[in-house]
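Okay, thanks for coming, everyone. Let me put the model up on the screen, and then I'll walk you through it.

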Amino acid sequence: MSTIPEKTEQQTGPACESASLINSENGKLHKFNMDEILNCMHCGFCLPACPTYRQTGRESASPRGRIALMKGVAREQLPIDEEFENNMYLCLGCRACETACPAGVPYGSLLETARGVIEENKKSSQRPSWIRRIVFEKLFPYPKRIKALGTLLWAVQATGLQSLAAKTGLIKIFPRAMAEMQQASGKIASPFERKKRKRVMKAEKEKLFTVGLFTGCVMDILFYETNQATARLLTKAGCDVVFVENQACCGALHVHSGEMDLAVRLAKRNIEAFEQANVDWIVNNAGGCGAALKEYHHWFHGDPDWKERALAFVNKMRDANELLAELPSLTFGKPLPVRITYQDSCHLAHGQGIRNQPRELLKRIPGIEYAEMEQADSCCGSAGIYNLTHFDMSMRILDEKMENVKQTKAQIIATSNPGCLLQMKQGILRAGLQDQMEAVHVMDLLDRAMQSPHE
Amino acid sequence: MFSESKETGYISKEIKRELVSIVGAEWYLDSPNELYAYSYDATPIFQSMPNAVVMPGSVEEVAAVLKVANRHLIPVIPRGSGTNLAGGTIPIHGGIVMNMNRFNQIHEIDQQNLTATLGPGVVTADLHQAVEAVGLFYPPDPGSMRISTVGGNLAQCAGGMRGLKYGVTKDYILGVEYVLPSGEVLRSGGKNVKDVAGYDMTRLLVGSEGTLGVITEITVKLLPLPETKRTLAAYYKNLVDAARTVERIIASKIIPATIEFMDQATMKVVDDFAGLGLPTDMKAMLLIEQDGPEELVVRDIEKMAEIARREGAADVQIARNMEEGAKLLAARRAALSALSRIRPTTILEDATVPRSKLAEMVEEIERIAEKYQVQICTFGHAGDGNLHPTCMTDERNKEEIQRVEQAFDEIFRTALRLGGTITGEHGVGMAKLNYLDLQVGDGGIELMKRIKQAFDPNNIMNPGKLVPNHGRRRLVVKK
Ligand SMILES: Cc1cc2nc3c(=O)[nH]c(=O)nc-3n(C[C@H](O)[C@H](O)[C@H](O)COP(=O)(O)OP(=O)(O)OC[C@H]3O[C@@H](n4cnc5c(N)ncnc54)[C@H](O)[C@@H]3O)c2cc1C
Ligand code: SF4
Ligand code: SF4
C-alpha cells in the first residue's frame, strides 16, 4: 500500500519520541523544534494566503504541506534530498502564512531551520548550489564588489554598453536579472555622486534624536536616491542622520538560503559598526532587511554576550515608516493630485507587523486619493532573490498581483522594499501600463511631497 | 467482496502509464514528497501514504480514472481541501488520492430560480462572495469556509455557524452530477424545488464521505441576502448560565442566525490571535447574531440581550457595526486552530445533544475532564446543541492519549444517553467508525453496507471510512 516504508496505517506516535534532533551525515546535529512543528494542526487556514499554493493547487507547495514535509524529515520518514530542497526553495518565505495561522506556528523560523538543514547536508555531500554560492560568497560579503556592480550597472546604463556586462561574466550570474534591473531601476547614482555624500545630515528643526541610517548593500546602489530621501525626511522630522561607516549587508538573503555562518558574520559587523556610532535609533527603509535586522538576537543561540549586544541593536531598529509615523507630524507642502495604492512588503507586514504606518503617512500627503488594493499584503513574487532563482513562478505570482493592481486604477504604486519596488516596476512593464502607472518607494514619494516645486 | 489486502493500492508501471495518459503528467503525482503531503488531513494523529495523487480536470477524466482503479481494485480517495476532522481523506489502504480542486468553476448563478451550479472544488467562501455580489445568499458556513470546498462540504454535510436558523449543507443541495466507480456518470435532482422521481439519491450522496462515488457538479439552492445583521456578545462568570441562556432564547421562540459558545480557555487563545480585547477573566461567552429586516433584527437582539442579563450574564455588548460583528465571528472561526497554541496535539470532538440538554452536557464534559485529568476546552455551535469539546494533549505521550480516549468515550456515551449524537457535523470517517453502531444499531450498519455495495461493489471508494468493513466492531479504546 505504501511506497515509503515505515509509518503507515494509523500513527499513534512519531518515530522518535524526542524527535527534535536529526543526524546529518557529517555527524552534526540540527534542530527542528518538534513542538513548533506539532503546533501546526493541519487546519489549512494558511492555504488561501499562500501564493505558491494558489498558483499550483499542490499541497506540497502550501505552508501546511511544507510543514508536513519538515515533519517527515525530522522524523526521518523522508530523506533530505533534492526533492525536499526544491520544495523548501519554492517557498517565497513571504510569511503570509504566519499572519494567517491562528495556531501561531512560527513558519519563518521553521523554514530557516529547514534550509539550514539542507545546506548543512549539501556541504557534507558536496552539492553546492552555484548561483547561491556566487551571490553569497563572492558578492554580498564584499561591499567593494557590490560597489563595483553598482558602478557597472551605472556604466551600462549610462553608455548602453550591454557587452560590458557580458564580458565581465556578471551577466551569467544574473542573466535575466541584469536585463530586468537595467530596465526597471531608475537612475543609478554614479560613484562620484556617492562619494560626495555628507557623513552627517543635521536636523532641520529642534533636534530630537540622532539616527543611524542602515543603508543596505543593494539598496545603496540601486536606490541611492531613496536613502538620501529617507535621510532628508528624517532631518525634517527633527533627527540628525548619520551614515555609519563599515556597515555591511544585513544577511537576510543568507539566512533565507540556509547560510547561517555567513549571516552571523555580517550581523556582528553591523552590530559593531552601530555600537561605535552611538545613535538613538537605527533606521532602515527596506522591509526585507528590516525583518532580519530585528531578528539578530535569534541568530546568537548559545552566545550570551553577542546575544545581548544583538538585542541592544534590535531594540534600536526601526523601519523608516515606523519612526516617521511616531515622530511629530511632518507637514507636506506640495500637493500631489494622484491616485495611489500601496503594495505591502511581506517582511514589513507579515514579518514586522507594520501595515498602518506607511498607509497613514501616504494619506497625509495633500491631494492624494488613496485606493486600497485587494490582497495588498500578498507577496509580489520578488522575495529576495526568488525572482532570479524561480523566475517563472515569480512571474506567475506577479501577473496575479497585477490584476489586483489594475483594479485600483492607481497612478502610483508605493512600496517599502527595494525588491518589491523593482518587481512592481517589472510588473508594470509586463502589464503594459508604463504610460499610466509608476512604482515608487514610499520614502521617495513623501520626499516629493516635501520638496517645494522650485527645489 | 470487500478486498482489504495491503496490496490494494499498488500501481504498476502500466497502470501509471494509463493514469498519466488520462490526466496528463502534470496532474499525476507520485514522488515521495508529494505522496507525503497527501498522507494527512486536518485530523490529528492519523496518517497513511497514498500510492499516487491525481488531479483530474474534467468529468471524463474522473470517469476514466475510476474505471482503471475499479478494474485493478485500487482504492480511490476523493479529496477537496483536506480540512475534514474525521480522517475522511486519509488513504488508510493506500491507493489514489483524487484531488478535486481543479473543479473550481462557478458555472452559473441563476437569479430567476435562485440556484447556483458549480464544480465541487469551489471554495465555500468564494461561492459566498460570488452570490452575495448579486444580492443572494448561500447560508452554510463551516468554520473552515475560507479553505473547504463545496464538494467536501457536501460529502460531509458540513454545518456551520448559521445552522440554527438556516440548517446545514443538506438543506441547500438541489442536484448533483456524480461518477460511480464503474465510470458511469449520473445525475440526480436539478433546479426543481420539488422532485420526487425515485429514491432521493441527492440526499444519499450528501454526507456520503466519498464512499459511494465522486461528485463532479453541484446545484445549490440560494436565498435572498438578508437586509442587515447585528451581533451581540454576552459574557458569563460560569458556563452553565451561558448554556441556560441558549435554552431560554430558543424556548422564547426567537431563532437567531447564530449562537456560538466559547469557554474561558478558548476565549484566551482566540484573543491572542485576533487581538480583540475580550474580557478573558470571564468563564464563558456567547456570540449571538441575528439577520433579517432592520426592525426585526433590532427587536430580537434587544430581547436576547435581556434574556442573557436575566440568566446571569455579567456583561452584554452589542457590536457597533457589521464589521465589528464580522470580526468577532471570524475570530470564533479560528477557535479550533488557535487552541492548538496550548499543546502540541489538539483533538476535537463533535458531540451533539438536543438543545434542551446543553447545560447538562456542558457540566458533564467538565466532570469527565476532571475525572480523567485531561485538559478539555469547549466551544461550539451552542444554538444547535453542537459542542466541540477539544482536548489539548501531546500525541507523543501514549499514556495521556489513552486517558484522552477514555474521556472521549465517556463523552460520546453521555451524548447518546441525553438523546444526542456522536457527531453533529464532522462525520464518521475513520475517527468515529467504532462508535457508529452505538448510534445506528446493527441493522443500520447492515443496510449501509448493502447500499455501499450497490454503488461500489469492489469497495474501492474511500475504503475504511464510514461503513465498517468487518461485521460489528468491538467497542474498544484504541490501544
Ligand atoms: C478549523 C476548522 C473548522 C471547521 N469548522 C467546521 C464547521 O463549523 N462545521 C463543519 O461541519 N465542519 C467544520 N470543519 C470540518 C471540515 O472543514 C468540513 O468537513 C469540510 O466540509 C471539509 O471540506 P474539504 O473540502 O476540506 O473536504 P475534505 O476534507 O478534502 O474531504 C472531506 C470528505 O469529502 C469527500 N469528498 C471531497 N470532495 C469530494 C467529491 N468531489 N466527491 C466525493 N467525495 C468528496 C472526501 O473523500 C472526504 O471523505 C472544520 C475544519 C477545520 C479545520
Ligand atoms: S500553519 Fe497554522 S494555519 Fe497552516 S495548517 Fe498549520 S496550524 Fe493551520
Ligand atoms: S512563506 Fe509565503 S510562500 Fe512560503 S509557505 Fe508561507 S505563504 Fe507560502
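So, start with chain B: the C-alpha centres of its domain 1 and domain 2 sit 26 Å apart. This is a predicted model, by the way, so keep that in mind throughout. The domain assignment runs domain 1 of chain B over 116–224 and domain 2 over 229–427. Where they touch, domain 1 of chain B puts in 17 residues and domain 2 of chain B puts in 20 residues.

How much area is buried between those two? About 1,300 Å², with carbon and sulfur atoms giving 50% of it. On the domain 1 side, look at B:Met161, B:Leu164 and B:Lys165: those three supply 55% of the area that domain 1 of chain B buries against domain 2, more than any other three residues.

Helix 6 of chain B, residues 163–166, gives the most to the domain 1 side, with 4 residues. By class, that side of domain 1 of chain B has 8 nonpolar, 5 polar and 4 charged residues.

Okay, on to ligand 1. Which chains surround it? Residues from both A and B do, so the site is shared between chains. There are 39 residues around ligand 1, and B:Pro78, B:Gly80, B:Thr83, B:Ser144 and B:Thr149 come nearest.

B:Ser144 has a polar side-chain atom 2.5 Å from an oxygen atom of ligand 1. With B:Glu425 it's again a polar side-chain atom, lying 2.9 Å from a nitrogen atom of the ligand. B:Ile215 comes in through its backbone: a polar backbone atom of that residue is 2.9 Å from a nitrogen atom of ligand 1.

Let's zoom out to where the two chains meet. Chain A brings 47 residues to the contact and chain B brings 50 residues. The area buried between chain A and chain B is about 4,200 Å², and carbon and sulfur atoms give 52% of that.

How many salt bridges cross between chain A and chain B? The answer is 4. A:Arg75 pairs with B:Glu395 in a salt bridge, with the closest N and O atoms 3.4 Å apart. We also get 18 residue pairs in polar contact between chain A and chain B. On the chain A side, the elements giving two or more residues are helix 1 (34–39), helix 2 (51–56), helix 3 (63–74), helix 4 (82–90) and helix 5 (96–100). Helix 3 of chain A has the largest share, 6 residues. Split by class, the side of chain A that touches chain B comes out as 19 nonpolar, 19 polar and 9 charged residues.

Two more ligands to show you. Ligand 2 is surrounded by 13 residues, and the closest are A:Cys40, A:Cys43, A:Gly44, A:Cys46 and A:Cys101. Its shell divides into 10 nonpolar, 2 polar and 1 charged.

And which residues are closest to ligand 3? Those are A:Cys50, A:Arg66, A:Cys91, A:Cys94 and A:Cys97, out of 13 residues that surround ligand 3. Helix 2, helix 3 and helix 5 of chain A each give two or more residues to that shell. The shell around ligand 3 has 9 nonpolar, 2 polar and 2 charged residues.

Last stop is inside chain A. A:Phe223, A:Leu233 and A:Asn321 supply 28% of what domain 3 of chain A buries against domain 4, more than any other three residues.

There's 1 salt bridge across that interface of domain 3 and domain 4 of chain A. A:Asp447 and A:Arg232 form a salt bridge, their closest N and O atoms being 2.8 Å apart. Okay, that's my tour; over to you.

Conventions: Residues are numbered from 1 along each chain as its sequence is written. Chains are lettered from A and ligands numbered from 1 in the order in which they are written. This is a predicted model: local features need pLDDT of at least 70, side-chain atom pairs count only at pLDDT 80 or more; totals for chains, interfaces and linings use all residues. Side-chain values use heavy atoms; hydrogens and water are left out. Domain bounds come from an automatic or database domain assignment. Contact means heavy atoms within 4.5 Å. Buried area is the accessible area (1.4 Å probe) that two parts lose on being put together, summed over both. Ala, Val, Leu, Ile, Met, Phe, Trp, Tyr, Cys and Pro count as nonpolar, Asp, Glu, Lys and Arg as charged, and the others, Gly among them, as polar. A residue is near a molecule or strand if one of its heavy atoms lies within 4 Å of it. A polar contact is a pair of N or O atoms within 3.5 Å; within protein, one must be able to donate a hydrogen and the other to accept it, and residues adjacent in sequence count only if both atoms are side-chain atoms. A salt bridge is a side-chain nitrogen of Lys or Arg within 4 Å of a carboxyl oxygen of Asp or Glu.
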